[in-house]
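Here is a short briefing for a reader new to this structure. Please look over the sequence and the model before reading on.

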Amino acid sequence: MAQRQGPGSPLGSLVAIGVVVGVGAAAFAYTAGWLSPQRLTPERMVAALGAPMPADLGHRRNHAKGLCFTGWFQANGNGVALSRAALFVAGSYPVVGRFNLGTPNPDAKDASARVRGLSIQIKPPGGQEWRSGMINAPFFPVSTPQDFYQLLTASGSKDPGAMPGFVAAHPGFVKFGAWAQTGPWTGSYAEERYNGLNAFRFVDASGAVHPVRWSMLPAAAPVSVDPATLDAGGPDLLEQDITKRVQAGPVRWTLQVTLADASDQTADPSEPWPDGRRTVDVGTLLVDQVQAEADGPCRDVNYDPTVLPDGIAVGDDPFPAARSAAYAVSFDRRTAEAADYPRTAPAPAPAPAPAQSGAETPAQGNKP
Ligand code: HEM
């Protein structure tokens, strides 16, 4: 007579384990995108970034050319009314940052990249930190991470109809194309305005939420340069320029926060908010040293835009989460490939811990 297999029997347990393992494997396959080839995963996004060229091992998969800097964020205290984040309390806090170019090619000529970036990591006392990556474009080319993937796929395609097809399906892209073609070029990282583009939420001490975007406004007056003159300046002209400027004295930007009106959307970085929105200058970024990336302190920093202190939070903009996932894939790969991008000197000693008083005096030799 066949024996019934109750829940407590060995066969029943094996079946239960099999079901758990099977469901787990299916969930893993789903998450990895194996069950739905059309699903956008961070791996697919990163693969599309440099395609069809092979990745440059050891380097960031986008914004691959850059140099590190260190300096200070000098908060003026005006941000405290908007956000309870410690970095807005008046004082000077250490910054590790990176000037960079929007290209997957770490050997690109400086004049070839239309998009220039500034990345910052600010560490006030207390252990929390703020990371942000900003670019000189006044708006993002597309509205959603999915559209960005389609843009990357079209621009990397050999099909001559791919880009026209993309533009026809995404008419909003024309605005970005116009900026790329006719917007002014400068000859210096120091003369660029860098925009965070994504919307976040500032949370003040009372718990009130303020939807914001932010920008770094240069102290140096922008001087328009035509691309041919830039091209004649050599492949590393921006790196040479900023190195020379910083050697001559600190280079500064104002961190300006723009507050959304109640009617403003906060989910689409391709749509700037109308002029005239309230802005608050919350402090000064002061850059007083630059270092080559190979041995510099920014080399192994992932400027993940979702690394936020208490007082700054993500909102309904889908980009920060998509960026975070893609940056993690890029970071994992490039750090695992470190042997392909060797350091030329021993790793720098960690910076001394910031003083706990809240206000810190910049190190000897700095001239804030
Ligand atoms: C879904 C959209 C985006 C994707 C998939 C993407 C992808 C990436 C990747 C893979 C990196 C290299 C990360 C690393 O290895 O550490 C990177 C760097 C960077 N991205 Fe994005 N990005 C996106 C949107 C944006 C936006 C909206 C901005 C600006 C507002 C931006 C600005 C930057 C900057 C400044 C860097 C350089 C960061 C650094 O210095 O390490 N990105 N991006």
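In which sense do β3 and β4 pair, and over how many bridges? The two strands, β3 and β4, pair in the antiparallel sense over six bridges. This is a predicted model. Its protein chain holds eight helices and 10 strands.

**The chain as a whole**
- The protein chain has 368 residues, and buried residues make up 34% of them.
- Take the contacts between residues at least 6 apart in sequence: 74% of these join residues at least 24 apart.

**The shell around the ligand**
- There are 32 residues around the ligand.
- His63, Gly117, Ser119, Gly133 and Ser330 come nearest.
- Several elements give two or more residues to this shell: α2 (42-50), β2 (91-101), β3 (116-122), β4 (130-135), α3 (145-155) and α8 (319-336).
- The largest share comes from α8, which supplies eight residues.
- By type, the shell divides into 16 nonpolar, 11 polar and five charged residues.

- Strand β4 is mostly covered, with six of its six residues buried.
- Cover is found on both faces of β4.
- On one side, Trp130, Ser132 and Met134 are buried.
- Across the pairing, Leu118 stands opposite Met134 in β4.

**Helix α3**
- Four residues of α3 are buried: Phe148, Tyr149, Leu152 and Ala154.
- The buried residues of α3 pack against α2 and α4 (162-169).
- Both α2 and α3 also give residues to the shell around the ligand.

**A closer look at Asp281**
- Asp281 lies in strand β9, which covers residues 279-292.
- Why does Asp281 count as partly exposed? It has 13 C-beta neighbours inside 10 Å, whereas a residue needs 20 or more to be buried and 12 or fewer to be exposed.
- Beyond its neighbours within four places in sequence, Asp281 is in contact with Asn78, Thr254 and Gln256.
- Asp281 and Val257 are 24 residues apart along the chain, yet their C-alpha atoms are separated by 6.3 Å.

How values were computed: Residues numbered from 1 in each chain as written. Predicted model: local features only at pLDDT ≥ 70, side-chain atom pairs only at ≥ 80, totals over all residues. Near = placed C-beta within 6 Å. Nonpolar A, V, L, I, M, F, W, Y, C, P; charged D, E, K, R; others polar. Pairing = 2+ DSSP bridges. Contact = placed C-beta atoms within 7 Å.
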